[in-house]
Amino acid sequence: MKTILQVYPIMADPETRAAKRPVGRDAEQYQVMLEYLVHTAKTADRLGYWGMCHTEHHFHSEGLEVSPDPGILNLYLGLHTKELRLGQLGYVLPTRDPIRLAEQTAMIDHMLQGRFFVGLARGYQRRWTNVLGQRYGAQGTYSDQSEIDLKNRRVFEEHLNLMRKAWTEDAIEWKQEGYMVPYPNTDWPAADLTREAGVPGEVDDEGIVQKVSVVPSPYQKPHPPLFQAFSVSPATMEWCGEQDIIPTVLQGPLERVQELAETFQRVCKEHGRDYALGEHIAIVREVYIVDEREDIDEYVEKYVAPVWTYFKHFGFYETFRLPGEEGPVPSPGETLAERMVKSQYLLIGTMDEVKAKVQEVQDRFHFEYWVLLWQIGLMSKEKSDQQLERFAEIMHAVS
């Protein structure tokens with residue numbers, strides 16, 4: 001049971017954010033956030049957490065999800081830790097140059113000597129995805145099978161395949177819809193040196209580039225572990241099984257989780273990888289341990305609701321939909337907290353209660369990874385440390 005903190009860098013609590021608008025551009029608050037991130041990473045490292053990761057989002061003037069380049073944060077926090085692995089959930093590939101990202105991730109992998117993993121995402125926030133993805137013809141999508149969605153997926157898969165080639169092959173060539181490597185009829189004046197010390201076949205007898213060599217290769221072979229950010233559908237699980245990519249399951253009801261885990265296991269077996277149920281899969285949850293059950297409402301109001309009230313604008317409440325249910329989620333007369341608990345996504349209660357809930361999930365699925373969504377900036381460092389220490393105790397007991 002390898003536990004990963006999925007940290008959303010939040011610049012200040014709601015009251016401070018309103019007073020310092022646009023807080024996302026407040027240099028002082030950004031320094032406060034960085035210090036909090038370092039503190040959290042050191043705490044997680046000390047407690048034996050497997051990893052820590054961040055989203056990629058841009059233009060967040062509101063101070064939520066301030067992580068425009070998660071790789072830089074990975075490297076920065078990695079230099080403050082010893083065993084903790086760092087990564088992303090994930091890089092939004094349709095907005096990224098695949099060769100530059102292959103280079104950057106290989107460099108970070110070396111600098112952290114293998115304490116690094118790479119997360120993959122397609123991009124759903126149109127405010128920024130449409131701007132940064134325009135060079136590749138990609139826009140933000142909600143996976144609705146529209147023309148925009150299908151184009152986004154084509155770019156995503158092309159960039160991923162090109163990255164993999166760049167990581168694993170000494171010299172590459174690529175000619176597809178949106179990218180050509182090398183660029184046609186490019187001459188190379190230093191052809192003699194390349195023939196002597198480069199990859200055989202990089203240049204021809206006339207000094208025309210035939211292939212390019214992306215350097216360095218990663219520290220880990222063939223490349224860092226790959227995670228797919230927030231998998232919610234059987235189609236995504238099938239794709240992850242085909243590609244041997246670790247899915248992160250963002251579904252609440254365990255009946256739906258069962259369907260997704262079995263789909264992944266079946267497809268992996270069809271491709272020659274005989275994983276046990278839950279192996280090579282991450283389950284996504286939020287976990288809070290309270291001293292008294294009377295504290296639950298306060299925890300949800302302070303540390304859960306502010307973020308999920310934001311997430312609802314992007315359709316994430318579907319995470320909590322029960323099998324066979326129709327209509328709005330939460331249902332009329334039901335609070336968000338009640339639904340999050342009922343759907344088995346939010347694990348909250350006393351130490352014994354939460355331990356029993358985690359044990360129930362692990363006994364049923366034996367997930368290799370647990371991803372805890374962790375909202376820094378809403379909770380004091382002391383309370384955050386307390387929560388991380390309590391879950392670490394549960395993690396080691398259940399493992």
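Tutor: The following account takes selected salt bridges in turn. The model is predicted, and a search of the whole structure finds 19 salt bridges.

One of them pairs D192 with R195, the closest N and O atoms being 2.9 Å apart. These two residues are three apart in helix 7 (residues 191–197), so about one helical turn separates them. D192 is exposed, because its relative accessible area of 62% is over 50%. R195 is partly exposed, at 39% relative accessibility.

Another salt bridge is formed by the side chains of R390 and D291, at 2.6 Å from N to O. R390 belongs to helix 13 (residues 381–398), while D291 sits in the loop between strand 10 (282–289) and helix 10 (296–311); the pair therefore ties together parts that are 99 residues apart in sequence. R390 has a relative accessible area of 17%, which is under 20%, so this residue counts as buried.

A further salt bridge joins E325 to R339, with the closest N and O atoms 2.8 Å apart. Distant parts of the chain are linked by this pair: E325 lies in the loop between helix 10 and helix 11 (336–342), and R339 lies in helix 11, 14 residues away. R339 is buried, with a relative accessible area of 1%. Through salt bridges that share partners, E325, E334, R339 and K342 form one network.

Key
Residues numbered from 1 in each chain as written. Predicted model: local features only at pLDDT ≥ 70, side-chain atom pairs only at ≥ 80, totals over all residues. Heavy atoms only, no water. Salt bridge = Lys/Arg side-chain N within 4 Å of Asp/Glu carboxyl O. Helix = DSSP H or I, 4+ residues; strand = E, 2+ residues; numbered from the N terminus. Buried < 20%, exposed > 50% of the residue type's maximum accessible area, 1.4 Å probe, protein only.
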